[in-house]
Amino acid sequence: MGGQGSEQNRQNQNRVYFSARLHGEIRDLCALHWPEETCGLLIASNAVPDRIQRVVVARNVADEPQKTFEIDPQTLIDTHRTVRETGEEIVGCFHSHPNGNALPSNTDRDRADEHAFLWLIVATNHTGALASGMYRIMHQKMIDADSGENIRYFQRCKLIEQDI
Ligand SMILES: [Zn+2]
């Protein structure tokens, strides 16, 4: 009815719930693999897609794992198959940035082909995990004059740590 309700909806869409334990495990793992990028998948139940229920760690099969990441395709296939049977879905991915920057790169944006997919980025350096950023890629039906493709941008999400 009023503007308040829609405002609330908009904010809710930007919230992602994640257990502190799971988040800590991912951060530790990313720190451990420095200076290489670590990667994996974020899984939620179909009923509550904004709450990360578990993660699947994948092998980074990129040729230059210090510069980029590529999730092991076998892990993708296996996970797609598993979630179909468990009533879950792959709602996002995570990877680390060994340069210590938690912002998505232009490469990340170019590769974010699935609208509304979550992207968790963990910044790491030689001392460990620094910061994390959770983003949702938005594809908007506006043709970009340069690329001729739909506009896409990362929307920052509020990461709410909640133990479940
Ligand atoms: Zn990246």
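The model is a predicted one, in which local features need pLDDT of at least 70 and side-chain atom pairs count only at pLDDT 80 or more, whereas totals for chains, interfaces and linings use all residues. Residues are numbered from 1 along each chain as its sequence is written, and side-chain values rest on heavy atoms, with hydrogens and water left out.

The zinc ion is coordinated at 2.0 to 2.5 Å by NE2 of His 95, NE2 of His 97 and two OD contacts of Asp 108, donors being N, O and S atoms within 2.8 Å of the metal (3.2 Å for Na, K and Ca). The donor residues follow the spacing H-x1-H-x10-D in sequence. His 97 in strand β5 (residues 88-97) and Asp 108 in helix α4 (residues 106-111), 11 residues apart, form a pair that links distant parts of the chain. His 97 is likewise buried, with a relative accessible area of 8%.

Helix α2, spanning residues 20-33, comprises 14 residues and reaches 20 Å from its first C-alpha to its last, close to the 20 Å expected at 1.5 Å a residue, helices being DSSP runs (H or I) of at least four residues and strands (E) of at least two. Within α2, Leu 22, His 23, Ile 26 and Cys 30 are buried. Viewed down the axis of α2, the buried residues fall within an arc of 100 degrees, so they line one face of the helix. The face of α2 turned away from this buried side carries the exposed residues Arg 21, Asp 28 and Leu 32.

Definitions and conventions:
Expected span 1.5 Å × (residues − 1). Buried < 20%, exposed > 50% of the residue type's maximum accessible area, 1.4 Å probe, protein only. Arc of directions from axis to C-beta.
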